[in-house]
Amino acid sequence: MIDWNEQQQWTVGDIVRRMREEAKIGLEQLSRGLCSVATLSRIEAGEREMGLLLAWRIFQRLGYKIDKYELYATEEELQQWEQRSQMEELASREDTERLACAIQTYRQQWGKRVEENPLQRQFLAYMQGLLDMQKGDFQEAKELLEAAAEEIVPSREQMVGNAALGEMELEILNALSDIYEHMGEVEKSEKLREMLLENIGREKKRVKIYLKLYTEFFCKHARNMMETKGSARTLNAAETCLKILQEEKKTCCLPELLHIQAKCLEDLFQKKGEAKEVMLKSWQKAYYIYRLYEKPEEAEKIRKYLEETYQWDCII
């Protein structure tokens, strides 16, 4: 662990170097797709300053969020930061018309520097990819996100599990897995999701930091996991997620996790005669949590299924 009392004056480069060494991440791995190894080396040596956008990505890869770093940002960086935040908000709302305008304005305002800077290039490829996906242009979205992913993790099929990835990079790969699934490339989609789960799950600290993404990946991958690794392992993974949610007082994907838990328990009941009462209570909980979270369609599917299969004897 870093001893912050070891010396009174810490530079940003000192902090990055110590965090990187503590996490056992090499210079090349940390800088990949963000800046050159030489640039990161100079930052760590205190010979070069680190801008806001680069600091954000570097600290994410190290498992931390920048705090008050914007106080040291230039006016231009803060303006870009605000514009990027607006684009992310528009993408989350699927406001395609305004998002398309925002992307075009950003490109026009910042000119060549956008295309020459890998941080800018990846972000705009991500935003344009989401826009194309929301408009139904999946081939275009796939090409953009694959290009962004290749910069972040070359030969990703071999490297994603152990790569140094931050939140935006995980989201880019998550969107890419969704595109693969939509285009019928199910094997590629599931393999990528499995590696993303491995990437976050290698440390409990990372699971807590990226809990929302981790539970989302797991819920998308659970059906494949049941088929390939069995219900017992899938149930154990689901219950681990539920335990961490409880510890962190979070509710990310809670109804979906309870639904997966119920499916696994039911499969074990049918195959191995596991306790029927435990399985039915699990279904009951999933049903009511779907209702609580105002997801009536999912709750109704469970109700109909249970009525047909178990004569409604687990719904009170």
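Which helices each supply at least two residues of the lining of the largest pocket? I went through the model and noted helix 5 (75-92), helix 8 (118-135), helix 11 (167-182), helix 13 (204-209) and helix 14 (211-229). Helices here are DSSP runs (H or I, at least four residues), numbered from the N terminus.

Ground rules for my notes: this is a predicted model, where local features need pLDDT of at least 70, side-chain atom pairs count only at pLDDT 80 or more, and totals for chains, interfaces and linings use all residues. Residues are numbered from 1 along each chain as its sequence is written, and side-chain values use heavy atoms, with hydrogens and water left out.

**Entry: the pocket**

I got a volume of about 630 Å³ for the largest pocket. A pocket is an open set of points on a 1 Å grid over the protein atoms alone, where a 1.4 Å probe fits, with protein on both sides within 12 Å along at least five of seven lines; lining residues have an atom within 4 Å of a point. The volume is the space filled by probe spheres set on the points, which are joined across faces, edges and corners.

I counted 25 lining residues, with Tyr126, Glu171, Asn174, Lys212 and Glu216 nearest the centre. By class the lining has eleven nonpolar, three polar and eleven charged residues. (Ala, Val, Leu, Ile, Met, Phe, Trp, Tyr, Cys and Pro count as nonpolar, Asp, Glu, Lys and Arg as charged, and the others, Gly among them, as polar.)

**Entry: helix 11 on helix 14**

I looked at this pair next. Their axes come within 11 Å and cross at roughly 20 degrees; axes are lines fitted to C-alpha atoms over the stretch in contact, and angles run from 0 to 180 degrees between N-to-C directions. Helix 11 and helix 14 are therefore roughly parallel (angles under 35 degrees; over 145 is roughly antiparallel, 65 to 115 roughly perpendicular, the rest oblique).

Glu167, Leu170, Glu171, Asn174 and Asp178 of helix 11 meet Leu213, Glu216, Phe217 and Lys220 of helix 14, contact meaning heavy atoms within 4.5 Å. I sorted that contact into three nonpolar, one polar and five charged residues.

**Entry: helix 14 on helix 15**

Helix 15 covers residues 231-248 and packs on helix 14 at about 165 degrees, with the axes 8 Å apart. The two are therefore roughly antiparallel. I found eleven nonpolar, three polar and three charged residues in their contact.
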